[in-house]
Each structure stands twice: as C-alpha cells, then as structure tokens.
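Biologist: I would like a close look at a single part of this model. Please take the geometry step by step.

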Amino acid sequence: MKISYNWLKQYIKALPPPAKLAEKLTMAGLEVEGIEALDKGIKGVVVAQILSVEKHPNADRLLFCKVKTDKGIHSIVCGARNMKAGDKVALALPGAMLPKGIKIEKTKIRGVESEGMMCSESELGLPPLQGGGGIMILSQDLPIGKDFTETMGLNDYILNINVTPNRPDCLSILGIAREISAITKKMLKAQKTLGKAIEKGKDIKKLVSISIDEPSLCRRYTARVVENIKVGPSPEWLKQRVESHGFRSINNVVDVTNYVMLEYGHPLHAFDCNLVSEKQVIVRRAHEGEKIQTLDGIARVLTNDMLVISDAEKPIALAGIMGGKESEITERTKNILLESAYFDPSCIRRTSKALGIVTESSYRFERGADIEGVTRALDKAAQMIVELSGGDMARGMIDKYPRPYRPAAIRVRLSRINKILSTTINRKEIEDCLERLGINFKQVKAQKREDAVWGATPPSIRVDLVKEIDIIEDIARLYGYGKIPTALPLARLSAVKKSGVDLIREKTRDILTNNGFLEAINYSFVSPKLFKITAPDIDSGLKLINPLTEEQSIMRHSLVSGLLETLRYNLNHNNNNIKVFEIGGIFATRGKETEEREMIGGLISGLRHGEAWNVSRDVVDFYDMKGAVEQVLAGLGIVAYTFIAKSDIPFLYPGKAGIFETNGKPMGIAGEIHPDTLQSLDIKQPAYIFELDLHVMMTAMNSQKKYNPIPRYPMIVRDAAMIVNREIQFQELYEVIKGVGSKLLEKVDIFDVYYGEHIPEDKLSIALRFLYRSPERTLTDDEVNNAHSAILENLKNRFGIEIRGEEA
Amino acid sequence: MKERLLQLEKAALSEISSLKNKEAVLEFKNKYLGRKGELAALTKEFGKLPPEERPIVGEFINSIRGRIEERINNLLTAFAQSEREQRLKGEKIDATLPGRYLALGKRHPITQVMDEVVKIFSGMGFAVAEGPEIETDYYNFEALNIPKDHPARDMQDTFYIGEDVLLRTHTSPVQIRVMQNKKPPLRVIAPGKVYRRDSDVTHTPMFHQVEGFMVDETITFGDLKGVLTAFLHSLFREDTAIRFRPSFFPFTEPSAEVDIQCVICNGKGCRVCKGSGWLEVLGAGMIHPMVFKAVGYDSERFSGFAFGLGIERIAMLKFGIDDIRLFFENDVRFLRQF
Ligand SMILES: [Zn+2]
C-alpha cells in the first residue's frame with residue numbers, strides 16, 4: 001500500500017520524519033518496505049515566466065530568452081522551441097539540483113551567458129508528455145518564484161507499506177493515521193463532516209429506488225445522487241495525488257471515488273444515472289450464464305454464486321469488483337448515482353478468483369470493509385464531486401441496512417495476557433492500550449480475585465479482532481515485542497534419536513562424498529520429455545494442474561531424469577568430468593493414491609581422476625559406478641543382496657546394466673545410459689547411473705558392527721587362470737565356488753580378466769586367486785590341495801572350463 | 001731414522017692435498033700405509049734400532065700413521081658426502097608442482113546449512129519429524145487456520161495436483177500430523193522441501209524449510225524469543241543483534257517476524273538489506289487456538305510456539321550467494337565451492 005507522507009500530516013500533528021515513522025510502523029507490524037522521495041532530489045527549481053523569446057545571435061538552432069522570477073530577470077539560452085513569451089516554466093537557477101544528482105551552473109553557450117535552465121518533463125523526472133518534446137509548460141495560475149516541487153505536490157514521500165491480510169483497516173490514509181496515533185499516542189486531528197447545506201437538489205427517493213435481494217451477500221447498500229455535473233479532467237492536485245498512489249487519473253468523478261477510497265479505505269462506485277434502466281438498482285445473484293461487459297472491456301459470463309448490481313433489465317456492475325462498461329462515467333454524463341456498500345468477503349473473493357479479476361475494490365472487500373464506515377465515504381465523495389464538477393446533490397441518501405452491526409464484547413483476561421506473553425503488564429497499562437486502539441471496554445466480574453477481566457468491543461473497522469487472542473496480539477504489538485522478557489523454557493530432558501532413514505542419508509553422503517561425488521539437488525518436477533525417459537507410461541505421472549512452465553510440469557518418477565539434466569547442463573558449460581549424487585523423493589500415482597518414495601541416485605561420466613598433470617587420463621566405466629554402489633551398501637552393512645544383469649531396462653545399455661535385489665525385492669538399478677537416450681538429450685559422452693530405493697535398503701540394513709578376530713594362522717594362496725565361455729557370468733562361477741562349501745576357503749579375488757589375442761573369440765580368460773585359511777591351525781598342503789581341486793573339478797564339470805596356469 | 005720418517009710424513013701430507021677422488025685416496029693409502037707401503041718398508045728397519053730407541057720410534061711411527069689415517073678418513077668422508085650431494089642433485093624434482101589427490105566430493109550447500117540448523121535444535125532437545133511433500137488441502141491450509149476463500153491463501157501461491165491435493169507450501173503440515181498423533185510436551189522440528197509458484201532471483205518454485213514447534217503447559221512468547229535468539233546466536237555470531245517485530249501468519253498469534261542485523265554491512269545499510277540494516281530470517285508466533293482446536297488440544301491448558309525458516313535464504317546470507325537459482329543448476333564449479 002502506497003501512503004503519502006504529506007497526506008498523513010493532515011491527520012497527525014507533529015508527524016515524525018519519514019525514516020523515523022517508517023521504523024515505528026515496521027516495529028508495530030506495518031512493515032515499510034521502502035520510502036520514495038517524490039522530488040527525486042530536485043532542489044532550487046522555481047516557477048518562472050518567459051518575457052521574451054529571441055534568436056540566439058550565434059546559433060540558428062538555439063533561442064535566447066528573458067525569464068522573470070521573484071529574484072529578477074534571467075537570461076536563458078534554450079534549445080527547445082515549444083514556448084512563447086508569457087508561458088510559465090520550471091526554471092532551474094544556478095546551484096539547482098535535478099534528479100540523478102545533476103547540478104545546474106551558469107554557463108556560456110556559443111558566447112552567450114545562460115543563467116540557468118528551463119526544464120523538460122523528463123529532466124524533472126516526470127513522465128514525458130505524449131507527442132511532447134521541448135520544455136514543460138506550467139499552468140498560468142501558478143505564482144512566479146514559487147518552489148516547483150511544492151507547487152506540483154512533489155515535496156512529498158511515498159511510504160510503501162506491506163499491509164498483512166488481517167489488517168484491511170490499514171489500507172487507507174486514515175487507517176494508517178489511526179495506527180500511528182495508537183503507536184505514538186498522538187491525537188488524530190478531527191475531520192469535517194458533511195454540511196447539510198450542500199444538499200440542494202431533489203429528494204433522492206424521487207430519483208432512484210434500491211433493493212437488496214441477497215442480504216446475506218450484501219449487508220448494506222447506500223447511495224447518493226448528484227445531478228447536472230460537468231465531467232472533465234481532475235485538477236492538478238487531485239491528479240497528482242491519485243497518480244502518486246499508483247492510480248491512473250481518469251476524470252473528476254472517478255478520481256474522486258479513488259481518492260476517497262485511498263483516504264478512508266472504502267471502495268465506491270459511480271454509475272451514469274441516466275443509463276440505469278428505470279432508475280432501479282437491485283442487488284442480486286447473477287443468473288447462470290448471464291453476461292456483462294466490465295469496464296476493462298472484457299465480456300464476462302457469470303454464474304449463480306456471483307453477486308451483481310442490476311438495473312431493471314441487466315447487470316450494471318460486478319458487485320464490489322468492477323463496474324459495467326454500459327453505465328460508465330463519460331464526458332457526456334450529467335447525473336451520477338454514487339454507490340457505497342458492504343459486500344460479503346468470501347463471495348467477492350470467489351468471484352474475483354473465478355473471473356480472474358483483482359481490483360483495488362475487490363482486494364479491500366475480500367479482506368473486510370468497515371460496514372459502519374460506508375456512509376462517511378459516500379458523503380465525502382459526493383461532496384467532493386459537487387465541489388469539483390458542479391452539480392446539485394440530491395437531498396438525503398438511501399441506506400439499505402437490513403440488520404445493523406451489533407458487535408459482541410470479547411472477554412479479555414489480564415491473567416491470560418500475562419501468561420501468554422510472560423509479562424507483568426498491569427490493569428492500567430492494558431486499559432491504556434485498549435483506549436489507544438479505540439476498543440471500548442468495561443471491567444466485568446473475574447473468576448479469581450487477583451485477575452481482571454474486561455468486556456472489550458473493537459471498532460467496526462477492526463474486522464480482525466474476534467477472539468481474546470486477537471486482543472492479546474494487539475496489546476503485545478503496542479506494548480512492544482522488544483519489551484517482552486526473553487526467557488528459555490523449562491523442559492524435561494529427552495534423548496533425540498536419529499531415524500533409520502536419517503542414518504542411511506548421513507552414511508550415504510559420507511561414503512559418496514569421500515568417493516568424490518558432489519551432491520546435487522534437482523527440482524522435483526521435470527519436463528514430460530525427461531519424465532518419459534525413465535517412465536514408459538506418462539499416465540503414471542503426477543502432473544501439476546498449474547505448472548509455471550512445461551519444463552517443470554510433471555513430478556519426477558526417478559532421480560535419473562534430473563541427474564541426466566545435471567550432466568547435460570554441465571557438459572554445456574564445459575564441465576566434462578562429472579560425479580554427482582542426489583537423495584530425494586520420487587512420485588507416482590497408484591490408482592487414486594499418490595505415492596512418494598525416497599531414492600539415492602548417482603551419475604558418473606568423463607575422466608576418472610579429472611584433469612591434472614600427474615594422474616592417468618582414464619575414462620570412467622561401469623565398474624567405477626558399480627564399485628561406488630557396493631561401497632555404499634557395504635558401509636550401511638547391507639550384505640544380503642545380489643546384482644542381476646538385465647538387458648531390458650529401456651534407458652540402459654543392454655548388456656551393461658542390472659538390478660540390485662535383496663530378499664527377492666528389487667532395491668535398485670545400475671548401468672550405462674542407453675546410447676539412444678544420450679542422443680535424444682544431445683549428450684555426447686557415456687554416462688553411468690545408479691538409483692537405490694532408500695526404504696528397501698532400510699529393510700536390509702544392519703548397522704550393528706561386530707568385531708572379527710584378526711587371523712592368527714597363515715593363509716595359503718592358490719591361483720588358477722581359466723578359459724571360460726563368454727556367456728558365463730562371474731556371478732555364476734562364484735555361486736558354484738561357494739556351493740562347494742569348503743570351510744577352508746576364506747576368499748576369492750579376481751586378479752585378471754582378459755579376452756583377445758591367443759584366446760578363442762567366444763571365450764575369455766579369468767584368473768582367480770583362492771585364499772585358504774583355518775582360524776584354528778596352520779593348514780597342510782594336502783588339505784588345501786584337496787579343497788582346491790574339489791572346487792576346480794566342480795567348475796570344470798559345471799561349465800566345461802579349461803584350467804590354464806594350474807598350480808599344485 | 002726419525003729424519004726419514006719425518007720426510008715421509010711431509011711427502012705424504014703434501015701429496016694428500018692434491019688427491020682428487022676416492023680412488024686416488026685409496027691408492028695413496030695403499031702406497032703409504034699398505035702392507036707393502038712405504039711406512040711398512042721403514043718399519044722393517046725397526047729391528048736394526050737399539051732396543052732402548054725402539055719404543056720411542058715405535059710411538060713415533062704410530063703417531064705418523066695416525067695422522068695420515070685421519071687425513072685420509074677426513075678426505076674419504078668429504079668425497080662420500082660430495083658424491084651423495086651430486087647424486088641427490090641429479091634426482092631433483094620441481095617440488096612446486098601441485099600434489100596428486102583424489103578429489104573429495106561435497107555435500108550440497110543446502111544440505112550443509114540444513115544439517116547445521118537441525119544440529120542446533122537437536123542440541124536443544126528437538127526431535128526431527130518428516131511428512132509427505134504431496135499434501136491435502138486440509139493439512140496444508142484448513143487445519144492451519146487458513147480456510148478456503150481466505151485472502152491469507154494469497155501469501156502462498158500453490159501448485160495443485162488435484163482439487164484438494166497439492167504440493168505442500170510449507171512444512172507446517174507436519175506440525176498438524178505430529179500433534180494429531182502425540183500429546184504434549186512436544187519439541188519437534190520438521191525439515192524438508194516445499195513448493196510455491198514463484199520464480200525470480202530470490203524465489204525458486206522449490207525450496208527447503210525447517211519448521212519447528214514446542215508445546216507444553218507453560219510455553220510463552222518469552223520462551224519463543226529465548227529459543228530463537230539462542231538458535232540465531234548459534235547459527236550466526238554470538239553478538240548478532242536480533243529484533244522481533246509483529247507480523248501475521250494465520251496459524252500463529254501473536255505472530256512475529258524475526259530480523260537479524262545485516263551480516264553483509266553490519267547494520268549500516270546495503271543492497272542486500274535494502275538499506276534497512278536488518279534481514280528477515282524467521283517467521284514465528286504462538287500457536288493459534290484454532291490450530292489446537294483442529295488437533296483436539298485444550299488451548300486453555302496448553303500453549304506453544306512455532307517458527308519456520310527458509311534454508312536457501314540462510315545459505316545465501318552465509319555464503320554470499322546472490323541468485324537462489326544457482327542452488328538447483330548443479331553446476332559442479334558451484335557445488336565444489338562449499
Ligand atoms: Zn546490509
């Protein structure tokens with residue numbers, strides 16, 4: 001809300017300076033987000049009159065003028081040509097300041113002395129005139145020598161105040177003034193009321209009739225009529241006022257309704273009375289499908305839960321939101337009907353949302369207007385219209401008010417105030433606060449003798465004060481949050497234990513960052529294109545009804561989509577060596593239910609050790625990624641799992657992918673991204689991903705660590721290189737080796753895998769190192785040989801492998 | 001005899017100073033001190049001496065041998081040393097070249113700040129609770145005293161998935177879920193992702209929040225001030241100035257906005273604090289009786305405070321980041337810095 005400092009001065013004597021005032025308001029809950037000086041730093045510019053305009057003796061394109069101020073006659077050289085002798089202009093005298101810190105000095109232009117500068121609109125920081133050019137020509141009635149900013153109302157500050165939704169009473173000059181008065185204890189200046197003498201016209205009852213069909217949605221409707229007015233442009237001061245508060249100046253009627261709304265906070269509307277059919281005004285629900293063209297020129301189709309102002313035939317306004325185009329005030333308007341009403345906040349908000357129209361009026365009505373302030377605004381506006389556009393105000397007003405406002409008293413307990421705030425505020429201080437807030441109160445019987453209880457009745461404009469806690473908040477506000485003592489609560493001790501989920505996240509972050517992975521956070525929503533990479537069926541996705549962009553319109557189904565986006569982004573910025581992981585939610589629908597799962601995902605691509613002068617320039621492969629996963633699983637104590645190679649995961653390279661399983665349940669996937677997928681994303685280097693389900697991991701996790709004794713007896717090593725059919729996977733060999741069940745076999749390591757020269761094309765050579773040991777004694781060669789050959793026999797029988805470098 | 005011995009010593013000592021390397025020294029040693037060397041040859045004449053001179057001459061021979069040996073040893077040590085120096089010089093590397101290391105990964109700056117916030121509150125006995133990111137209108141709004149058609153809904157522009165299903169706009173729904181399932185006393189924080197329909201230099205449609213609350217029989221506004229002051233002093237500097245000013249949230253009353261003295265300009269006024277010298281970092285307040293009513297707590301018996309803070313904002317202040325979107329671009333040159 002924009003608030004003029006000078007306007008406030010009309011209400012409060014000895015108003016604190018702007019910055020000080022802003023701080024006081026902020027600390028009372030009306031946050032001032034900025035203070036704008038309207039003069040933009042202009043100093044020393046005065047109203048002057050041109051006496052003569054002559055040619056510059058040395059330059060064809062310049063003029064030489066004599067200009068008069070109260071200080072004398074000044075010689076001015078000027079490049080503009082739009083002025084003539086007699087015009088009044090804004091003259092910057094030597095020493096004057098213009099916006100952006102420009103200083104005016106005496107200068108010589110083409111050999112002729114110029115004692116200042118006649119200013120254009122843009123040089124004065126004002127919006128330039130349409131089709132303009134040249135200097136600003138001022139109104140003839142401005143006195144010569146007067147300060148320019150003062151005459152134009154620019155010696156003012158605009159406070160930009162963030163009014164919270166609970167305080168519609170502060171959406172006006174009067175509201176803010178009332179608040180300042182409560183905060184600073186300065187009295188509000190009394191305001192004039194409407195003099196009876198001004199009502200000179202006919203009896204209003206003879207001119208219009210008004211009825212409310214829907215009293216629950218319109219609790220009060222008042223109107224006045226002014227006849228024989230002359231609609232025209234507003235005077236400068238009014239234009240300046242409404243414009244500096246963010247309104248466009250329209251004419252001397254509409255500007256008045258806006259001016260009064262700014263001053264009192266109550267929205268008004270003026271109809272061209274002659275265009276109201278049969279001079280009948282009916283407040284009713286719109287018929288289903290009924291149409292109205294609103295002032296913005298848009299045709300609106302209405303529904304039955306919307307409220308309209310209608311004449312005998314058709315709607316003439318969307319109640320409390322926007323008037324109709326047909327009954328708009330124009331230069332031809334002679335008689336006006338001025339409306340001031342109270343509309344139901346919910347109804348206004350629903351209609352405003354449904355039609356997508358937010359106006360200054362709807363904004364105030366949906367937050368709650370002052371039902372008792374309706375006629376004050378009406379009177380003020382009618383009077384101003386008469387003053388500014390002539391006309392005769394009809395005698396009397398129409399005031400339809402079926403069930404007048406009857407406020408209920410709120411019980412406020414001294415003990416409760418002090419309990420909630422941990423204060424020791426006394427009765428007198430409370431009563432002082434209530435008084436400053438304009439809350440009527442009287443003490444009522446308390447349950448406990450030491451307590452005090454009041455029946456408190458807030459003013460009608462304070463729609464937010466309904467319950468005791470509301471009053472307590474206002475008292476705390478006035479008392480000052482800073483004065484409330486700071487304490488630390490007494491509480492029972494409690495042990496805070498980390499959840500299993502948290503433990504997994506923690507450990508995973510530790511392990512992966514130690515392994516060189518950077519943690520990424522991607523948006524939870526992705527583009528349909530990215531979504532489809534990991535989810536074959538788009539209908540399984542959760543779509544946003546109102547996304548910001550198509551790129552962020554569907555909830556991700558897998559972390560892989562975001563990680564691929566991360567890769568693409570980095571490659572586009574020449575970051576070619578990527579090792580990233582992410583922990584976060586993925587989403588899906590299951591029938592009508594939505595499902596959220598938390599996942600751990602990772603992606604690697606590029607050089608294994610990055611670019612450095614002293615490391616190998618190897619490129620990462622499948623096993624770098626798989627090793628990282630295995631490290632995470634080991635670190636979490638997840639041992640009961642298997643990795644099953646798979647070729648049917650759509651976005652992964654067939655033959656370079658698979659799934660992790662635990663207890664027969666899938667726990668995650670890993671593999672190289674399919675070349676087609678990479679191509680579709682314009683990614684030009686291989687990438688490897690994994691994604692694990694955190695909740696499945698939790699079922700397999702064993703975070704209990706147990707000590708294993710360090711072996712006391714030596715181990716015996718047997719190496720065996722074997723030629724194996726390439727179709728056979730290591731996992732199968734391993735299962736067979738384990739299946740032999742030798743208690744002496746401690747471990748099998750792979751120390752070489754080779755295919756190529758000297759090996760048949762369909763075969764590969766794999767070299768295994770078998771470690772034998774007993775925890776109880778030193779093994780003999782015979783024992784080891786027996787165990788070892790049993791294993792090799794089994795492998796031969798099962799897979800028909802050929803043992804090469806068999807050692808005895 | 002003595003004469004010849006002295007001559008021998010003189011010759012040897014003059015020769016020794018011209019020796020250039022270890023080999024020459026060894027040859028020299030052999031020549032003078034070897035079994036067939038010059039000193040040995042003289043010693044052979046020892047027998048010809050009268051018995052009474054023998055001990056004296058013997059001692060003299062030994063002293064000459066000792067002196068020559070000492071010179072030889074000194075020379076050998078010197079040669080060995082210079083030889084080693086030569087060798088080491090040849091093996092010299094450029095030690096100013098950078099070292100070799102495995103690049104460590106980093107936690108995301110948001111994770112780091114989140115962890116820090118959670119740690120501080122854990123230290124004060126707050127337990128961590130979590131809830132779904134996809135919420136119902138009831139938990140996100142209704143139960144928090146934000147009825148339909150209320151202008152307060154404009155404070156949080158919402159992403160919808162269905163008519164009553166939405167992406168949570170704050171982690172406050174967790175407050176409702178916890179209170180529905182547990183009785184006071186409660187000390188809980190709820191960290192997590194939240195979503196609002198907003199995008200510019202200071203807003204992203206997804207961000208992280210920590211909401212916290214404490215409910216018991218005697219919790220006051222003073223406690224709210226105390227706990228949040230302790231928290232902010234731990235998160236920022238111990239002497240950071242803090243102010244509480246009135247504000248409005250539908251689910252708390254009285255409500256407060258908590259400002260810290262600008263960490264960029266120390267309160268003098270700058271672009272980040274818009275010249276005010278203060279930075280808004282927390283929203284807080286006493287839990288509204290309507291919220292207690294929604295979860296079936298007696299608001300005459302129990303009272304409590306709740307607060308919420310945006311992690312991105314804190315991270316931006318702590319690290320001096322001026323564009324919130326950097327957090328979610330995941331440029332590795334950004335991620336590596338924290
Ligand atoms: Zn600052």
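At what angle do helix α14 and helix α17 of chain A pack, and how far apart are their axes?

Modeller: The model is predicted. In chain A, helix α14 covers residues 500-514 and helix α17 covers residues 622-635; the two pack at an angle of about 140°, and their axes are 9 Å apart. Angles over 145 degrees would count as roughly antiparallel, so α14(A) and α17(A) are oblique to each other. The crossing of α14(A) past α17(A) is right-handed.

As for the residues that meet, α14(A) contributes Lys507(A), Thr508(A), Ile511(A) and Leu512(A). Their counterparts in α17(A) are Ala628(A), Gln631(A), Val632(A) and Gly635(A). Sorted by class, this contact has 4 nonpolar, 3 polar and 1 charged residues.

Asn228(A), in the loop between β15 (218-227) and α6 (236-244), has a phi near 60°. Asp682(A) also has a phi near 60°, and is found in the loop between α18 (675-680) and β37 (688-693). Each value is positive in a residue other than glycine. Most residues other than glycine have a negative phi, and most peptide bonds are trans.

Pro185(B) sits in the loop between α7 (172-181) and β4 (186-195). A cis peptide bond also joins Glu253(B) to Pro254(B), with omega about -5°; Pro254(B) lies in strand β7, residues 252-261.

Definitions and conventions
Residues numbered from 1 in each chain as written. Chains lettered and ligands numbered in written order. Predicted model: local features only at pLDDT ≥ 70, side-chain atom pairs only at ≥ 80, totals over all residues. Heavy atoms only, no water. Axes fitted to C-alpha atoms, helices over the stretch in contact; angles between N-to-C directions. Helix = DSSP H or I, 4+ residues; strand = E, 2+ residues; numbered from the N terminus. Parallel < 35°, antiparallel > 145°, perpendicular 65-115°, else oblique. Left-handed = near helix turned anticlockwise from the far one by under 90°. Contact = heavy atoms within 4.5 Å. Nonpolar A, V, L, I, M, F, W, Y, C, P; charged D, E, K, R; others polar.
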